[in-house]
Amino acid sequence: MTAALVAGLLAGYGIAVPVGAVATYLVSLTACTSLRTGICAALGVATADGLYALVAALGGSALAAALRPVLVPLRWASALVLVFLAVRGAVTAVRHYRGRRLATRSAPPPPSPARAYLALLGITLLNPTTVIYFAALVLGTRAADAVSPVEQGVFVLAAFAASASWQLLLAGGGALLGRLLTGSRGRLVTALVSSGVILLLAVRMLL
């Protein structure tokens with residue numbers, strides 16, 4: 001039981017801690033909206049990690065073999081979604097900034113917490129790296145004896161808890177960033193930098 005708990009925690013932090021495009025978008029989203037929205041978005045990422053941990057724990061070697069033919073389409077779909085988010089974020093930030101300066105446009109409505117949760121859940125589910133990561137962990141650490149359902153459950157819950165704690169930390173950082181950059185120009189610069197980073201990470205994903 002303890003071994004499954006430790007393995008799940010290490011697996012969750014292992015996939016969550018490296019900062020990529022999803023983490024960058026999470027911080028930017030929280031900075032531009034609210035901590036409540038950021039928390040829901042963070043839980044969306046953690047839910048995807050937990051689902052992939054569950055599939056990996058139950059699927060075993062069949063999982064990696066089944067995913068091999070669709071890795072390239074998944075990678076392209078994930079990159080296209082990230083490019084769309086980056087462009088939309090930059091365009092929205094510029095429009096918001098111009099609207100405040102000219103007082104002719106109102107700010108676009110921020111996404112609801114439920115919508116932020118579903119958006120980040122979908123983005124993370126598109127990332128094939130996550131499921132391959134968990135599949136490799138399960139295959140690499142499987143002992144000769146069968147793993148009990150209780151141990152599988154502990155592994156999945158621990159992976160979810162680890163991922164959630166890190167994503168919530170990122171959301172808290174985004175909320176703090178939003179408070180520090182309260183001016184319209186500061187928010188514009190933050191959004192443009194975030195969009196640029198997401199674009200670069202999406203291109204790197206394809207290469």
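Leaving aside neighbours within four places in sequence, V154 of the predicted model is in contact with M1, A4 and L5, where contact means heavy atoms within 4.5 Å. The C-alpha atoms of V154 and A4 are 6.1 Å apart in space, although the two residues are 150 residues apart in sequence. V154 belongs to helix α8 (residues 149-180). Helices (H or I, at least four residues) and strands (E, at least two) are DSSP runs, numbered from the N terminus. With a relative accessible area of 18%, V154 is buried; buried means under 20% relative accessible area, exposed over 50%, and partly exposed in between (1.4 Å probe, protein chains only).

Residues are numbered from 1 along each chain as its sequence is written, and side-chain values use heavy atoms, with hydrogens and water left out. The model is predicted, so local features need pLDDT of at least 70 and side-chain atom pairs count only at pLDDT 80 or more, while totals for chains, interfaces and linings use all residues.

The protein chain has nine helices and zero strands. Of its 207 residues, 38% are buried. Among contacts with a separation of 6 or more, 89% are between residues 24 or more positions apart. The accessible surface comes to about 11,100 Å², and 70% of this belongs to carbon and sulfur atoms. Accessible areas come from the Shrake-Rupley method with a 1.4 Å probe; for residues, only the protein chains shown count as cover.

Helix α2 (residues 21-32) has 12 residues, and its end C-alpha atoms are 16 Å apart, in agreement with the 16 Å that it should span at 1.5 Å a residue. The expected span of a helix is 1.5 Å times one less than its number of residues. In α2, 10 of the 12 residues are buried, so this helix is largely enclosed by the rest of the structure. Among the buried residues of α2 are A21, Y25, S28 and T30.

The largest nonpolar core has 14 residues, of which V22, Y25, L26, L29, A41, L120 and I123 touch the most other members. A nonpolar core is a set of buried Ala, Val, Leu, Ile, Met, Phe, Trp, Tyr and Cys residues joined through side-chain atoms within 4.5 Å. Helices α2, α3, α6 (113-125) and α8 each supply at least two residues of this core, and α2 gives the most, with five residues. Not counting residues up to four places away in sequence, A41 touches L26, L29, A116, Y117 and L120. Apart from this core lies another of six residues, among them A11, A57, F155 and A159. In soluble globular proteins, nonpolar side chains tend to be buried together.

Helices α3 (35-59) and α8 each supply at least two residues of the patch, and α3 gives the most, with three. L168, in helix α8, counts as partly exposed at 34% relative accessibility.

D49 lies in helix α3 and is buried, with a relative accessible area of 3%. D49 and A162 are 113 residues apart in sequence, with their C-alpha atoms 9.7 Å apart in space.
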